[in-house]
Amino acid sequence: MVNVPGRSRGCATCRKRRVKCDEFLPECLACIRMRLPCPGARTGTFFVHAVPSSSSSHEMFAPDLQLPGPQPSRASAFDQLFVSHFVESFFGTMKPPPTPGAPAKIWLHELPMFLASSEPSSAKPAIRAASMISYGTLASDVSIKTAARKWYAEALHHLQCQITKGDVSVDENIICTIVMLIHFETWAGTSQKAWLCHLKGAAMLLQVVGPERCSRGFMHQVFSHLRFQMFVATMTENEVPVFASQEWMTIPFRIYPKLIFDQLIDVLFSVLKCLSVANQLIKSHGESDLRSTLDSLIRDTMLQASQWWPLLNVARLGSSVESFLLRVRPRRPLLLHPDPFLRDRMRIAIIGAGISGCAVYLELKKHLKDTPDITIYEAYDTARDTTADQREQGPTHSSTLIVGGGLAIAPNGLGVLRRLGDDLLRDITRNGYVTSHSNLKDKNGNALMRMEPGLVSDMYSVACSRHSLWRCLRDRIPDDHIVNKRVLKVVASAQGKNTVHLVDDSDPVEADLVIGADGVRSIAKEALFPEAKENPYPPNYEGLVGIGGFVAADTLRESVEKGSINFVFGGSGFFGYFFSDSSPSDPERDSPSHVCEPGDSLAWWSTYEIKECPDAKSLDMDDVMRQLRERHDQWKDPVVQSVLKSAHVQNMFPTWTSPELPTWECDGVVLLGDAAHALPPTSGQGASQALEDCEALTLFLAHHLSDRGQETSSNHASLKQAINKAAKQYMNLRRPRVRHILKAAQKMQNSKRSMGAIQEYAMYTFMKVIGFFPSLATKPTRTVIEYNVAEEVARVLDTET
């Protein structure tokens, strides 16, 4: 047996056809042109026998199998031929470069040692089976594949005997046996389940030896090799392998640090955990604890991925690694980008955890692809189980902080919620009451006008408590994403990151984008006007206050029309009421397209004029209630009188509006909701306009961040540019619409102030006349509620492109 360096290294197919092989790898051009299977040219050292002998065939093959041509003189040399090819089939001609800290040899290099052992072992036939099936398949040699299957059967028989005798000791031989059986099935495909059964057997044996033993030697090499295959196997069965546990991801790598591929598998195992929890979440119909767990797992997985990706940067790892990586995936070269996989995660700080703050959080999570780090800062209690009555009051009694009282969400606002998620829309509708029309009445209960806009995008309006709407949004935000700290100030930076300073003297928080959703006395708003010594645009008290609450609806069902919101006007103020929930037994109670049977609660509110803004700390609520009864004592509307007998007042809400700001944004600080434009309750659009703000800002931001992927400028500079462009387009789209709604609301608001008898009856006459022209009366309302903010954003972006 001699080494013959000059012998042809052409592929087996060309040699069999007796044509010259060009020895290209991984497939020669001659075979490619003829569309023939090509095992590739032979590489490395190989042996041929100089003196033909028939003795070796008895040892290596079954007696009925004859191999053509000269044969090796000893079985070990013949084994070496196939094993050498088997090892090289993993890498081709390109061996992986040495990695600092990694074992000097890999598990494949141990195979000749198992074959050379004088002890009987099931590893020997398993190694022969896998190496021969590999060569026979590539060379399309039926005789070699037949021999390989017989060695496979012998290895299985050997294992069966060991198990039957009960002398199975988990050592390197039996682990090697099963690993080679796995690779045999990879090539042969005996059955769909055979590969999986062998893999599970290997995993169970490795669990028996434990993670400590898998930290060194052959066991460590095999463990590292099987981790990826375990990922593939468990992925097909939607399971999380034990190898994904913290113990198995750390202990086996104490001696030899993880390589690039090991860290990639860690990321893949984390993905499996996310998929497993997501599957449980689907089956549990949105359990909040699982949702929080899933969100935490996703953040951890994205962090792992962002730490792994820079290791593939060829500029840092060297050209030899680049060549190897490109050789591993020759059909689809690896795309290497100078930036990490996620770049630096974009950081967003939301100031305020009211309706606007929670809604914009959910919008950002839905539309931004790169999963930014989003944190909400709120000074007051945001626990989802805290009732509206238990919440602290801010100095302005802002609806951002006081989440009691009632509100209506018009179809334009419901459209935002529907696009945010059908389940969210159903939850909000289920906890409120669908209203199809409005009744305007005089103080005696006589109808003045009926406004019935009809269905818009297959939806009516939904009336609900402010707390109910907030709760449905808040339930979808993990608790650890809301920080209960008061913000002292926000500083906008034209070049660097913006900073959020907190009252408790903790370290300032840096953020690429700061969203001010903190109500009419917004702290974030001050960052837009840094040169001003004090707030140049303080909120304006409109001279009106509102009080309200909820009463039992049992005795009022006959007096309140189903599906109505009722507005009662008089010279001494205004009174309104509506059913605040649907009957639990109504099957359509979660559909905004159906008016349901009312539930057990009626919401009411009263608005009247007080020249000076009242001080909440000095208010006597019993006295407020007494004055309310006196104010409406002469009103004949039966519902008003019934409510006054049982109502109880806990809070008073002054009506605040914001003066028109010259800008809503500056260098990555953006205002929305009441912080940008506080609308009076008369508009009926406060919540809906805040929701439109949230969707518009997010859609513009998502568009420009997506375009940013094509930029060649520095990472932070392009991010700042994208944020500023999105903020300006958001402001330019939203300001004209809000201005129009505010002006209309201010005109209507005057009807709630105190007036003389002549003014009062003139108002009644005007409403009565308008009521004869219902289409004319509802036209302004339909113009507002038929608005689709997502379509308007798309129109602006289409015009831009």
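In which sense do strand S5 and strand S9 pair, and over how many bridges? In this predicted model, strand S5, made of residues 406-409, pairs with S9 in the antiparallel sense, and four bridges link the two. One place to look for this pairing is Gly406, which stands opposite Ser465 in S9.

Strand S6, which covers residues 433-435, runs antiparallel to S9 and is joined to it by three bridges. Here Thr435 stands opposite Ser461 in S9. Put together, the three strands form an open sheet in the order S5-S9-S6, with antiparallel pairing. S5 and S6 are the edge strands, as each of them pairs on one side only. From one strand to the next, the twist averages 30 degrees.

Buried here means a relative accessible area under 20%. Because five of the five residues of S9 (residues 461-465) are buried, the strand is largely enclosed by the rest of the structure.

Methods
Residues are numbered from 1 along each chain as its sequence is written. This is a predicted model: local features need pLDDT of at least 70, side-chain atom pairs count only at pLDDT 80 or more; totals for chains, interfaces and linings use all residues. Side-chain values use heavy atoms; hydrogens and water are left out. Buried means under 20% relative accessible area, exposed over 50%, partly exposed in between (1.4 Å probe, protein chains only). Two strands pair if DSSP finds at least two bridges between them. Axes are lines fitted to C-alpha atoms, for helices over the stretch in contact, and angles run from 0 to 180 degrees between N-to-C directions.
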